[in-house]
Amino acid sequence: MRQVIKLKVAFLFLCLPFVANAQWFKHSFKVMGTMSHVEFWLDEQTNSLDVSGSELDTSHNERAQALIKSVEQEMFRIDQQMSPYKEQSELSLINREAANKAVSISVELFNLLNTAQHIAKISDGAFDITYASIGYQYNYREKTRPTQSSILKALPAINYTAITLNKEQSTVHFNHQGIKIDLGGIAKGYAVKRCLSLLKKAGINHALVSAGGDTGLLGDRNGRPWLVGIKHPRTEHKTAVHIPLENEAISTSGDYERYFIEDGIRYHHIINPKTGDSVRKVVSVSVIGKNPTYVDALSTTVFVKGLIEGLALINKLPEFEAIIIDNQRRLHYSKGLQ
Ligand code: ADP
Ligand code: MG
């Protein structure tokens, strides 16, 4: 992972796979309250495989459209399961019932909760899905936020150690009333991961899948690394830096996606679990690594931890690197990128 950023030179262009009837397919769509994008290279060889790996005899274009559809459906499926805004979602069921009893959940959601708990542990609670116990009192569109007294009242309900996961039974139980969970800091990365493996199983070797600030890559693009832009934190439609990547995932967390400003103070969607307030130590964090689920959660984590502690955490994890933009718009890199 330390050699993640491989700046490829132009001669690699010569290695362009030469396949008749091959081309890039692209599609963008809205899901999970954000824009998603899928892009992949489909050649004749991959043309003969469907998602389950069996033979198919459809035209090149039809085949591509079917793949695009399966990516779209997978994202929507995860949204149905994990959205806090859908009453029917498994997540909503947990939030309604888990404080009263152990709730049976799908193995898939159980495993994701387990991963979230693991990241909570290694980050000393900087990443904490129970942040939502207060997080749901913010409404960035309506520009409303909880009062200091309601924050103090709800603060004991932010505590990931009060979540009990039982693997044998596949259940979740909250040991505290008032706990609410939210997977906004990890679910998009998970969705990207699922879509990439779906494409890979179908024989695709070069692809990009993104959901908001989460991007996952298979292979390279035309023999060159993909160039993934990190948004400028204060100027819309501007890129702060381009990162050349292959076979990696990158996730960016910023204070500019969902926010409002009141009395000169920025209230945004990344919450310090210790205070119930938005974190204002840095403005943008990107984390790079192989696992899209982890890089998503870790970018939120490092954002909460801030520059010094955040870099210290990433420098302890050999599979991940980070790029941080501080309040003065200075760029900072973890050890493996310097
Ligand atoms: P985005 O959702 O814009 O891609 P992030 O990956 O940084 O951005 O995730 C931010 C989301 O993570 C918030 O919208 C919220 O759902 C969730 N979140 C906020 N604070 C925390 C926290 N301390 N721990 C875990 N999740 C958090
Ligand atoms: Mg994140």
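A residue is near a molecule or strand if one of its heavy atoms lies within 4 Å of it.

**Entry 1. Ground rules**

I noted that this is a predicted model, in which local features need pLDDT of at least 70 and side-chain atom pairs count only at pLDDT 80 or more, while totals for chains, interfaces and linings use all residues. I also noted that residues are numbered from 1 along each chain as its sequence is written, that chains are lettered from A and ligands numbered from 1 in the order in which they are written, and that side-chain values use heavy atoms, with hydrogens and water left out.

**Entry 2. Ligand 1**

I looked up the surroundings of ligand 1 and found 19 residues around it. The closest are Asp-128, Tyr-131, Asp-182, Ser-253 and Ile-271. I then turned to polar contacts (pairs of N or O atoms within 3.5 Å; within protein, one must be able to donate a hydrogen and the other to accept it, and residues adjacent in sequence count only if both atoms are side-chain atoms). A polar backbone atom of Ala-126 is 3.1 Å from a nitrogen atom of ligand 1. For Gly-185, a polar backbone atom is 3.1 Å from an oxygen atom of the ligand. Thr-300 places a polar side-chain atom 3.2 Å from an oxygen atom of ligand 1.

**Entry 3. The magnesium ion**

Which atoms coordinate the magnesium ion (ligand 2)? I found Asp-296 (O), Asp-296 (OD) and Thr-300 (OG1), at 2.2 to 2.4 Å. Donors are N, O and S atoms within 2.8 Å of the metal (3.2 Å for Na, K and Ca), and water is not among the atoms, so sites may look incomplete. Asp-296 and Thr-300 both belong to helix 8 (residues 292-316), 4 residues apart, about one turn of the helix. An α-helix has 3.6 residues a turn, so residues three or four places apart point the same way. I recorded both Asp-296 and Thr-300 as buried; buried means under 20% relative accessible area, exposed over 50%, and partly exposed in between (1.4 Å probe, protein chains only).

**Entry 4. The whole protein**

I counted 8 helices and 15 strands. Helices (H or I, at least four residues) and strands (E, at least two) are DSSP runs, numbered from the N terminus. Of the 338 residues, 54% are buried.

I followed 3 strands that form an open sheet in the order 3-5-4, with antiparallel pairing. Strand 3 (103-104) and strand 4 (163-166) stand at the edges with a single partner strand each, so one side of each lacks a neighbour in the sheet. Two strands pair if DSSP finds at least two bridges between them. Strand 4 is joined to strand 5 (residues 171-174) by 4 bridges, and Thr-164 has His-173 in strand 5 as its bridge partner. Helix 4 (residues 107-122) packs on this sheet, touching strand 4 and strand 5, and its direction makes about 130° with that of strand 4. Axes are lines fitted to C-alpha atoms, for helices over the stretch in contact, and angles run from 0 to 180 degrees between N-to-C directions.

Is His-60 buried or exposed? His-60 counts as buried because its relative accessibility is 8%. This residue is found in helix 2 (residues 60-82), and a polar atom of its side chain lies 2.9 Å from the backbone oxygen of Leu-42. Gln-81 is also found in helix 2 and is buried at 10% relative accessible area. I listed its contacts (heavy atoms within 4.5 Å): leaving aside neighbours within four places in sequence, Gln-81 meets Ser-89, Glu-90, Leu-91, Ser-106, Glu-108 and Leu-109. In helix 3 (residues 90-97), the buried residues are Glu-90, Leu-91, Ser-92, Ile-94 and Asn-95. Their cover includes helix 2, helix 4 and strand 5.

I placed Phe-127 in the loop between helix 4 and helix 5 (132-135); it counts as buried, at 5% relative accessibility. Phe-127 and Thr-301 are 174 residues apart in sequence, yet 4.9 Å apart in space, C-alpha to C-alpha. Beyond four places in sequence, the residues that Phe-127 touches include Gly-185, Ala-297 and Thr-300. Asp-124 has its place in the loop between helix 4 and helix 5 as well, but counts as exposed at 58% relative accessibility. I noted a phi near 60° for Asp-124, a positive value in a residue other than glycine.
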